[in-house]
Amino acid sequence: MEWNWKQTIIDLWKKEKWYWLMAVALGVVFALIFAAHWTKGYSDMIQKGIGGKVVRFHVLANSDSEADQALKLAVRDKVLQEYSDLLQVCESKEETLAALENAQAEICQTAAEEVISQGYDYPVRVSIVREEFPFKKYDDLIFPAGVYDALRIEIGAAEGQNWWCVLYPQMCFVDVAWGYSTEESHARLENTLTEEEFLVVSALEQEELTPKIKWKIVELWQG
């Protein structure tokens, strides 16, 4: 009797096909789990890397009224004007935080005096914080949500929209026309972060697809 190998294969497939399908399905599941684990780890690595190297600056307005928002910017300008020399000589995040802590009481007094000079009597609170911040866009730069160190100035009820920038590396002075260009401030950030971290942060202003894909990975897990 002649052996029909084709029929044998068909018979084996019919008999074992569910085992093969299950094996394939399990393979796909494990591949997806691995991919998810890797992308989440990548997202966490990028945020922690950025958060570990920068100091942010937040000024929270009393409310969203036009007057309170204008006051917020006046306080911002006054503080940056008074303490620009102090911060520009700082060559690391640690030096910046130490300088801010030493000057914290003075910064509070400066901000409070500016509030009074603008005709308001709102209380002012200044603190050095390390806490969770949401996703923020700064010009064409993207800062992932996560834990950051920051100088925070709260005016009155602090229920209005906040203004923010990066104190270290020094990037705030572009906003208040201190003579620094956007290119210079971006160069400071690039020199502070790793190449990978800067690729993600600056993804919006780059033409290559790879940085945008990497940002989408970070955005996916942060969403």
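User: Let's start with helix packing. How do α2 and helix α4 (residues 104–117) cross, and what is the angle between their axes?

Analyst: In general, two packed helices are described by the angle between their axes and the distance between the axes. This is a predicted model, and in it the axes of α2 and α4 come within 9 Å, crossing at roughly 135°.

User: Which residues meet at the contact of α2 with α4?

Analyst: On the α2 side you'll find Leu71, Ala74, Val75, Lys78, Val79, Glu82 and Tyr83, and they meet Glu106, Ile107, Thr110, Ala111, Glu114 and Val115 in α4. Sorted by type, the residues of this contact are 8 nonpolar, 1 polar and 4 charged.

User: Okay, on to charges. How many salt bridges are there?

Analyst: The general idea is that side chains of opposite charge can pair when their charged atoms come close. In this model the count comes to 7 salt bridges. One of them joins the side chains of Lys53 and Glu197, at 3.1 Å from N to O.

User: Where do Lys53 and Glu197 lie?

Analyst: Lys53 sits in the loop between α1 and β1, while Glu197 belongs to helix α6 (residues 195–201), so the pair ties together parts that are 144 residues apart in sequence. Lys53 is partly exposed, at a relative accessible area of 24%, whereas Glu197 is buried at 6%.

User: What about Arg76: which residue does its side chain meet in a salt bridge?

Analyst: That would be Asp77, with 2.8 Å from N to O. Arg76 counts as buried, with 9% relative accessibility, and Asp77 as partly exposed, with 30%.

User: And which residue forms a salt bridge with Arg152?

Analyst: Glu131 does, and the closest N and O atoms are 2.6 Å apart. This pair links distant parts of the chain: Arg152 is in strand β5 (residues 146–155) and Glu131 in strand β2 (residues 124–133), 21 residues apart. Arg152 is buried at 16% relative accessibility, and Glu131 is partly exposed at 31%. There is a network to look at too: Lys93, Arg130 and Asp149 are joined into one by salt bridges that share partners.

User: Now single residues. Is Asn62 buried or exposed?

Analyst: A residue counts as buried under 20% relative accessible area. Asn62 has 14%, so Asn62 is buried. You can find Asn62 in the loop between β1 (55–60) and α2 (66–88).

User: Which residues is Asn62 in contact with, leaving aside its neighbours within four places in sequence?

Analyst: Asn62 is in contact with Asp68, Tyr122, Ile155, Gly156, Ala157, Ala158, Glu159 and Gly160.

User: Last one: where is Lys48, and is Lys48 buried or exposed?

Analyst: Look in helix α1 (residues 5–51) for Lys48. The cut-off for exposed is over 50%. Lys48 has a relative accessible area of 60%, so Lys48 is exposed.

Technical notes. Residues are numbered from 1 along each chain as its sequence is written. This is a predicted model: local features need pLDDT of at least 70, side-chain atom pairs count only at pLDDT 80 or more; totals for chains, interfaces and linings use all residues. Side-chain values use heavy atoms; hydrogens and water are left out. Helices (H or I, at least four residues) and strands (E, at least two) are DSSP runs, numbered from the N terminus. Buried means under 20% relative accessible area, exposed over 50%, partly exposed in between (1.4 Å probe, protein chains only). Contact means heavy atoms within 4.5 Å. Axes are lines fitted to C-alpha atoms, for helices over the stretch in contact, and angles run from 0 to 180 degrees between N-to-C directions. Ala, Val, Leu, Ile, Met, Phe, Trp, Tyr, Cys and Pro count as nonpolar, Asp, Glu, Lys and Arg as charged, and the others, Gly among them, as polar. A salt bridge is a side-chain nitrogen of Lys or Arg within 4 Å of a carboxyl oxygen of Asp or Glu.
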